[in-house]
Amino acid sequence: MERSSTTSGGSTRREATRQKLYEAAVTLIAEQGFSATTVDEIAERAGVAKGTVYYNFASKSVLFEELLRHGVGLLTASLREAAERTAGTSGSKVDALDAMVRAGLVFIDRYPAFTQLYVAELWRTNRAWQSTLLVVRQQAVAVVEDVLREGVDNEEFSAEIDIPLTAAALVGMVLVAALDWQAFQPERSLDDVHSALSRLLQGRVSGHH
């Protein structure tokens, strides 16, 4: 019974193993790059046998592709949850975007190595997982697009806004600002960084209310 992965215990254990492999891979790849990272090192860092890596993932590329899916999936879920929570308290769409900015910062604060990796890979071309990356990126951006579209529909936002580009710009703003915060201004608190982006989001940079 112990060996069967059809039991819930087995699948939970497998999830835990995959989680360990993701964490090991993301740390190593962020430190030394994808090409320089070997399956042996990933196994060693995760504290598992090399065979376990291949049992869970067909190759290093597949592991990396799944890692990107997994990480962006977590981000997308936390953005959606933030938007839904605001809708639950009948907040405005600006409030929903603001909650999503915060959720993005919280995610990046929790998974800094993953975020660095994701941003670096996004601009590379000719990678085997480029198409996967574009698909998962689109999932995260789509959550923001939905909120913008609802805001246009209820006339909270101008019908003039370019929804896809505005959504991409908001996601980009959070990613780049968060990486800047962690690399160059790590002494600042998450609240502090969030309030700076909040002002930008709410158009208060110009000083007019």
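V26 sits in helix α1. Before you start, note that this is a predicted model, where local features need pLDDT of at least 70 and side-chain atom pairs count only at pLDDT 80 or more, while totals for chains, interfaces and linings use all residues. Residues are numbered from 1 along each chain as its sequence is written, and side-chain values use heavy atoms, leaving out hydrogens and water.

**Exercise 1.** Work out whether V26 is buried or exposed, and which residues V26 touches.

*Solution.* 
- Step 1: Recall the cut-offs: buried means under 20% relative accessible area, exposed means over 50%, and partly exposed lies in between (1.4 Å probe, protein chains only).
- Step 2: V26 has a relative accessible area of 10%, so V26 is buried.
- Step 3: Now look for contacts, meaning heavy atoms within 4.5 Å. Leaving aside residues up to four places away in sequence, V26 touches L67, A113, F114 and L117.

**Exercise 2.** Describe the secondary structure of the protein chain.

*Solution.* 
- Step 1: Helices (H or I, at least four residues) and strands (E, at least two) are DSSP runs, numbered from the N terminus.
- Step 2: Counting them up gives nine helices and zero strands.
- Step 3: For the whole chain, buried residues make up 40% of the 209 residues, and the C-alpha trace spans about 60 × 40 × 35 Å along its principal axes.

**Exercise 3.** Find how α8 and α9 pack, and which residues make the contact.

*Solution.* 
- Step 1: Axes are lines fitted to C-alpha atoms, for helices over the stretch in contact, and angles run from 0 to 180 degrees between N-to-C directions.
- Step 2: Helix α8 (residues 163–184) and helix α9 (residues 190–201) pack at about 145°, and their axes are 11 Å apart.
- Step 3: On the α8 side you'll find L170, M173, V174, A177 and W181; on the α9 side, L190, V193, L197, L200 and L201.
- Step 4: Sort them by class: Ala, Val, Leu, Ile, Met, Phe, Trp, Tyr, Cys and Pro count as nonpolar, Asp, Glu, Lys and Arg as charged, and the others, Gly among them, as polar. You get ten nonpolar, no polar and no charged residues.

**Exercise 4.** Classify the aromatic pairs Y22–F57 and F107–Y111.

*Solution.* 
- Step 1: Rings of Phe, Tyr and Trp (its six-membered ring) pair if their centres lie within 6.5 Å; planes under 30 degrees apart are stacked, over 60 edge-to-face, and the rest tilted.
- Step 2: The structure holds five aromatic pairs. Y22 and F57 are 5.7 Å centre to centre with 50° between the planes, which is tilted.
- Step 3: Y22 lies in helix α1 (residues 8–32) and F57 in the loop between α3 (50–56) and α4 (60–88), so this pair ties together parts 35 residues apart in sequence. Both Y22 and F57 are buried.
- Step 4: F107 and Y111 have ring centres 4.9 Å apart and planes at 50°, so this pair is tilted.
- Step 5: F107 is buried at 7% relative accessible area, whereas Y111 is partly exposed at 26%.
- Step 6: F107, Y111, F114 and Y118 form one aromatic cluster.
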